[in-house]
Structure formats: structure tokens, C-alpha cells
Amino acid sequence: MLPFEHQFATLPEPLWAACQPTPVSHPTLIAFNERLAETLGMKEKPDDATLTQWFSGNQLPPGAEPRALGYAGHQFGNFVPQLGDGRALLLGEVVDQRGVRRDVQLKGSGRTPFSRGGDGRSPLGPVLREYLVSEFMAAVGVPTTRALAAVATGERVVRQLPEPGAVFTRVASSHIRVGTFQFAAVRRVEQALKALADHVIARHYPEAASAEDPYLALLEAVAARQATLVAKWMSLGFIHGVMNTDNCSIAGETIDYGPCAFMEQFDPQKVFSSIDQGRRYAFDNQPTIAQWNLARFAETLLPLMREDGDAVVEQATDIIRRFEPLFDAEQRRLHADKLGLTADSDQAVPLMKGLESHMHQGRMDMTATFDALTHYAETLSEQHKEALLALTTEPRELAAWLATWQVEQAASQNSERLATMRRANPVIIPRNHRVQEVIDAAYEGDFAPFHTLLAVVTQPYDESEEARRLAAPATENEQVLRTFCGT
Ligand code: AMP
Ligand code: MG
């Protein structure tokens with residue numbers, strides 16, 4: 001049983017619409033995240049048949065009141081005034097064991113008033129991808145929405161070809177996006193906008209309430225969370241793929257794992273998404289886009305701010321500008337962690353720049369490089385040095401870098417720093433070809449590879465043989481070059 005509450009529903013109605021899920025014919029439970037359910041206060045796990053009914057949308061869990069939320073958004077830079085939950089329903093909120101209010105949402109549960117031309121459904125592939133990647137992100141400490149359940153519907157959804165359908169149950173600190181604010185702002189209902197902003201302050205940023213201008217303080221707090229988030233993504237080679245304003249969470253979590261992917265060979269301009277023709281959401285463009293999204297957020301808040309006219313625009317612009325130093329500071333800290341240096345080391349940035357250039361030139365796999373560097377830092381053995389140098393096509397250049405790094409690293413080495421370095425450098429990431437392999441098997445009815453990969457990516461520092469096997473970079477033929485939104 002989940003103790004549902006419905007605070008979002010106290011906001012004015014254009015922000016949401018009541019809507020029931022559409023039942024499916026033959027639901028079967030693929031996965032249920034018991035540990036997450038426990039943190040949400042589920043004391044006794046219901047039997048699988050009940051879980052299947054609840055998380056397919058065939059029968060609502062007690063206390064659930066499904067609602068589709070409205071939002072707008074800039075998609076690839078173009079404003080769309082009405083998007084909204086076209087295939088998702090908020091069941092309600094649950095206050096978790098730490099006292100944090102969290103949304104529980106079905107995704108793929110049928111049409112809603114916001115469906116536009118869509119069928120309201122999700123194919124199985126993107127559901128499995130989101131499950132794996134979001135649970136990995138949680139395991140390495142990246143703020144993210146979580147996976148509570150996945151249920152196969154037994155029905156087909158038609159995309160390019162017919163595919164099996166599934167319903168995903170997502171848990172988020174909230175599903176409020178920059179696009180939610182744009183939705184309220186574009187309708188020019190100031191009362192709805194203010195209610196939304198006050199809800200967000202009370203829920204996510206209570207300290208902003210006592211600021212001189214709470215809405216400026218809100219902007220500043222959201223900017224800080226986005227800076228931290230994007231810096232963390234990049235420290236793992238993560239490319240979100242669709243950083244539209246409707247996929248930019250106000251709580252600062254990673255949300256909407258569509259065409260996302262982890263970079264393997266290091267390339268700062270890497271793009272995976274098949275729909276990102278303009279390279280808008282390339283790896284190294286992500287901070288600029290986060291800042292652009294924050295500017296769109298700021299625009300929605302202007303009418304609420306205390307001062308009028310130029311003064312307030314100036315103040316808001318200042319906060320948006322400060323995103324850059326915030327991001328840089330966060331990135332510098334993460335660089336230091338990944339390289340095993342002290343947080344205040346002035347060598348973190350130049351050393352990382354150097355290593356990035358070696359990874360790029362030497363066609364090195366990013367995750368394998370940092371894993372090998374961590375092993376070398378831990379042992380300083382010739383064997384681990386060789387293992388690292390074997391990853392590049394230009395070992396002599398890398399050896400020279402390694403000597404410089406070693407001088408800086410040795411000065412600060414201790415067991416705590418090594419532990420921090422290991423935490424910053426997971427052994428395994430959900431590699432694109434592995435995720436694809438799991439999806440292919442599932443389409444043949446075999447979910448065992450999904451469960452194996454899930455177990456391994458949620459223990460991302462584990463060095464078991466199975467982990468090592470699944471951690472290996474893709475060979476030339478296995479490489480995934482393009483990802484698809486899968487909607
Ligand atoms: P996404 O690409 O998942 O971020 O979705 C972008 C917008 O398209 C959101 O408003 C979604 O609700 C909507 N959407 C995506 N897929 C579907 C679908 N199968 N049926 C209805 N709406 C959808
Ligand atoms: Mg979205």
C-alpha cells in the first residue's frame with residue numbers, strides 16, 4: 001500500500017486534468033523495485049498479481065487519483081504552447097521515509113487530454129532503457145527520477161513496426177518542469193503561475209520563501225541544481241539527447257531518458273540522437289543549453305518578481321550569467337575527484353584538459369580510462385600502468401601525461417581520496433550495445449539479460465567477472481551510433 005496524497009491537485013485546473021488509465025489486455029510484471037517501494041513507505045509487498053494490476057493501470061492502487069499534468073516547452077528551440085502528459089498519469093504523491101514528497105507516475109498508460117495525435121502508449125524498449133539507465137544514475141549518485149515498476153501490456157504498439165508495449169512507473173521529486181512554468185505563463189493566468197511557483201518553493205526550495213524576493217531566490221536555486229546536475233552528467237560521459245525545456249526538471253533531477261546514451265570513445269562533440277540534426281544537444285553543448293533553459297524559466301517568473309521593468313530583468317540576467325561560474329566550480333570539483341586530487345588542486349582543470357585531449361586523440365574509452373587510472377592510483381603497479389596505456393593508440397603521449405599527473409596525485413594520496421576517486425569512476429556504465437542487447441532479447445520474450453544487466457549496473461563499483469564482462473567497451477561491430485526517441 002502506498003500512502004497517496006494529492007497536493008499538486010490543489011493547484012488550479014489548467015495545470016492538470018483528471019483522467020483514467022486505459023486497461024490493457026494481458027499485463028505481466030517485468031520488474032518491481034522493492035527497495036524503492038520500501039523507502040516510499042510500502043510496508044508489505046502485495047503479491048505479483050496485484051502489482052501487475054496496479055502498475056499496468058488496470059486497477060488503481062488504493063488512494064490513487066490519476067491526473068495528466070499540463071506543460072508547454074521549447075522543443076529543439078521552438079516553442080510549443082501545449083504539450084503535457086500525453087501518455088502519463090500522476091497517481092499521487094507519497095511522502096517518503098526521509099520526509100520528501102515524491103510523485104508516482106504511470107507512463108504509457110493510455111491516452112489523455114494532452115495526447116494530441118499520440119496513442120498514449122510506450123514501446124517496451126524505451127521502458128527497459130529508462131529502467132536501467134535511471135537506476136544506474138541513482139546508484140552513482142546523480143539526481144534522477146527512479147524506476148518503481150515495469151509491466152508488459154501484452155499489446156502491440158505501432159511505431160515504424162509493431163512492437164510490444166509496456167507501462168513504466170516512475171518516481172520523481174516532482175514532474176514539474178521549466179515547461180510547466182511556460183504553460184502557466186503563456187496562458188497569462190497570473191494566479192496559476194503564482195500558485196505553481198509557491199508550490200515549488202514550499203516543496204523543493206523552502207529557504208527561498210524567506211528571501212527578499214522569493215522568485216529570484218527560486219531562480220537562483222534552480223540554476224544551482226542544474227549546474228550540479230549537468231556537471232555530474234558530463235563527468236560520466238552522459239548525453240541526455242533531448243534537453244528541451246519540457247525535459248528540464250525544476251527539482252534538478254535527470255528526467256526523460258529518451259535517446260540518451262553514454263559516450264564511449266571520448267569526443268566532446270558527440271551526438272547520438274537521430275532527431276538532433278543541428279547538434280543542439282551535443283555532449284559539450286549541454287551546459288549552454290541548461291543555461292538557455294534557465295533563461296526561459298526566468299522569463300516566466302518575471303511577472304511575479306518584486307521589482308518592475310529593467311531592474312528585475314537585470315537581476316534575473318545576473319543569476320543566469322552566474323550559471324557559468326557555478327558550473328565551472330562544480331566541474332572542477334568533479335575533475336579533482338575523478339583524478340584523485342584534492343578538491344582545491346589548481347591542477348585539476350589543466351590535467352583533465354590534457355587527459356581529455358589524449359582520450360580524444362588516442363581513441364580511448366572514457367569509462368575504461370578512468371577505471372584503469374583508478375586502479376593505477378590504487379596500486380601504482382607496472383601492470384595497471386600497462387593496462388591503462390593499452391587503452392590508447394598513442395601510449396607515449398599518455399605516459400608523459402601520466403608522469404605529470406602522478407606528481408600531483410602522489411602529493412595528496414590517501415585512502416579517503418582513493419575511495420572518492422573510485423566513487424567518481426564507476427567500473428560499469430549501461431553501455432549502449434548492452435542496453436540494445438537486453439532490449440533485443442526482451443523482444444524475443446527473454447528478460448533474463450535485462451535482470452542481469454540491471455543487477456550489475458546498480459552495483460557499479462563491483463568487480464565481479466560478470467560485471468567486467470558487461471563493462472567491456474563495444475567492439476567496432478557492436479557500436480551503437482544512433483539512438484531513437486522511441487515514442
Ligand atoms: P517525450 O519525447 O517523451 O519527452 O514527449 C514529448 C511530448 O510528446 C510530451 O508531451 C509527451 O506526453 C508526448 N508524447 C510522447 N509520446 C506520446 C504518445 N505515444 N502518445 C501521446 N503523447 C505522447
Ligand atoms: Mg518529455
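In this predicted model, D119 has a relative accessible area of 31%. This value lies between the limits of 20% for buried and 50% for exposed, and D119 is therefore partly exposed. D119 belongs to the loop between β7 and β8 (122–123), and it is also among the residues that come nearest to ligand 1.

**Surroundings of D119**

- Apart from neighbours within four places in sequence, the residues in contact with D119 are G110, R111, V157 and R159.
- The side chains of D119 and R159 are joined by a polar contact of 2.8 Å.
- The D119 side chain also reaches the backbone nitrogen of R121, at 2.9 Å.
- V157 is 38 residues away from D119 along the chain, and the C-alpha atoms of the two are separated by 8.2 Å.

**Ligand 1**

- There are 17 residues around ligand 1, of which G84, G86, D119, G120 and D256 come nearest.
- Sorted by class, this shell comprises 7 charged, 8 polar and 2 nonpolar residues.
- R159, the partner of D119 in the side-chain contact, has a polar side-chain atom 3.4 Å from a nitrogen atom of ligand 1.
- Oxygen atoms of ligand 1 are approached by R87, with a polar side-chain atom at 3.1 Å, and by N247, with a polar side-chain atom at 3.3 Å.
- On its own, ligand 1 has 480 Å² of accessible area, and the protein covers 86% of this.

**Strand β7**

- Strand β7 spans residues 101–107 and is mostly covered, with 7 of its 7 residues buried.
- The side chains of R101, D103, Q105 and K107 point one way from β7, whereas those of R102, V104 and L106 point the other way.
- Both sets are buried, and they include the charged residues R101, R102, D103 and K107.

**Partners of β7**

- β7 pairs with strand β6 (residues 88–95) in the antiparallel sense, over 7 bridges.
- Within this pairing, R102 in β7 has V94 opposite.
- β6 and β7 form a hairpin in which 5 residues lie between the strands.
- G99, in the turn of this hairpin, has a positive phi of about 85°.
- β7 is also joined to strand β10 (residues 162–172) by 5 bridges, and these two strands run antiparallel.

Conventions. Residues numbered from 1 in each chain as written. Chains lettered and ligands numbered in written order. Predicted model: local features only at pLDDT ≥ 70, side-chain atom pairs only at ≥ 80, totals over all residues. Heavy atoms only, no water. Buried < 20%, exposed > 50% of the residue type's maximum accessible area, 1.4 Å probe, protein only. Helix = DSSP H or I, 4+ residues; strand = E, 2+ residues; numbered from the N terminus. Pairing = 2+ DSSP bridges. Near = heavy atom within 4 Å. Polar contact = N/O pair within 3.5 Å; in protein donor to acceptor, adjacent residues only side chain to side chain. Areas by Shrake-Rupley, 256 points an atom, 1.4 Å probe, with all protein chains shown as cover. Contact = heavy atoms within 4.5 Å.
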